[in-house]
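Trainee: Please take me through one part of this model in detail, and then show how the parts around it are held and packed.

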Amino acid sequence: MSRRTALRGPGRARCRGTAAALLCVLASLVTATGCGIRATSVPVDAGGAPSRVGCVLPNDRQNPDGGAGTSVVRVYLVCGSRVSPVEREVRMPGGRSSAERLPVARKLLDELKQEPRAVEDSAGFETAVPRELTISKGTDGDPDEALRLSEPLDELPPYALAQIVCTYADTSAADAEGGVVLGGPGDSGSTASPRRYECGSALRTHPRSAETAGTHL
């Protein structure tokens, strides 16, 4: 059978051998084009494989607007080997500009202790702050800006301490220069004296440095 005969009626031809098979493929394409299927150089989007982009929230969740009675606050969570901010709508005592240091600190600590929200969890965020941790005002002899945690600073996970420091740094829980003065339980002894922390790039990118980052007061 000649090639001309093999190509006669591509739908009914019987293709044998490698060359004949290639001719059949070409003939099928010709037939498909004749049926109204247009060739295109644009790739067809069949949907990409699911992927998880770490530490990046969807665009519509990166900058919440804040509703009536709520304030948009920045909360630092653990993501990978650093602490990174997410923004949340929170009903703050007296609003974000409140000068009430302890109520603001307590509310923000409550946010840090919560499990990350679904969209945060999907992006790889988590928290290292113990659920049982509480905060209170400073004791006699402490600086006015001091706050006391219910756990000794040396016993807190360094990532948790970095989360707290960076979350407090740009709120009324901090001092006038943005430093955060924290202490452990008000027991006697030098280890209970408060320390002043700053949320610099070193602390954000290397949270383990929180163990030695504080300056004794």
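Mentor: Serine 84 sits in strand β2, which covers residues 82-90. The model is a predicted one. With a relative accessibility of 12%, serine 84 falls under the 20% limit and is therefore classed as buried. Apart from neighbours within four places in sequence, serine 84 has contacts with Val75, Tyr76, Leu77 and Phe125.

β1 and β2 are antiparallel to each other, with nine bridges between them. Within this pairing, tyrosine 76 is opposite proline 85 of β2. Two residues lie between the strands of the hairpin, and glycine 80 there has a positive phi near 65°. β1 is mostly covered, as seven of its nine residues are buried.

The torsion about its S-S bond is -105°, and the link of cysteine 55 and cysteine 79 is left-handed. Cysteine 55 belongs to the loop between α2 (17-34) and α3 (59-62), while cysteine 79 belongs to strand β1 (residues 71-79), so the bond ties together parts 24 residues apart in sequence. The two ends can be described separately: cysteine 55 is partly exposed, at 34% relative accessibility, and cysteine 79 is buried, at 3%.

The other disulfide is formed by cysteine 166 and cysteine 199, whose sulfur atoms are 2.1 Å apart. Its S-S torsion is about 95°, so this disulfide is right-handed. Cysteine 166 is in helix α6 (residues 158-168) and cysteine 199 is in the loop between β6 (195-197) and α7 (201-205); the pair links distant parts of the chain, 33 residues apart. Both cysteine 166 and cysteine 199 are buried.

Five strands make up an open sheet with mixed pairing, in the order β3-β4-β5-β6-β7. Isoleucine 135 has leucine 149 of β4 as its bridge partner. Packed on this sheet is α6, which touches β3, β4, β5 (180-183) and β6 and whose direction makes about 140° with that of β5. Helix α4 (residues 101-113) also lies across β3 and β4, and runs at about 175° to β3.

The burial of α6 goes beyond its cysteine. Of its 11 residues, 11 are buried, so the helix is largely enclosed by the rest of the structure. Among these buried residues of α6 are Pro158, Tyr159, Leu161, Gln163, Ile164, Cys166 and Tyr168.

Cysteine 79 of β1 is in turn bonded to cysteine 55, in the loop between α2 and α3.

Notes: Residues are numbered from 1 along each chain as its sequence is written. This is a predicted model: local features need pLDDT of at least 70, side-chain atom pairs count only at pLDDT 80 or more; totals for chains, interfaces and linings use all residues. Side-chain values use heavy atoms; hydrogens and water are left out. Helices (H or I, at least four residues) and strands (E, at least two) are DSSP runs, numbered from the N terminus. Buried means under 20% relative accessible area, exposed over 50%, partly exposed in between (1.4 Å probe, protein chains only). Contact means heavy atoms within 4.5 Å. A disulfide is a pair of cysteine sulfur atoms within 2.5 Å. Two strands pair if DSSP finds at least two bridges between them. Axes are lines fitted to C-alpha atoms, for helices over the stretch in contact, and angles run from 0 to 180 degrees between N-to-C directions.
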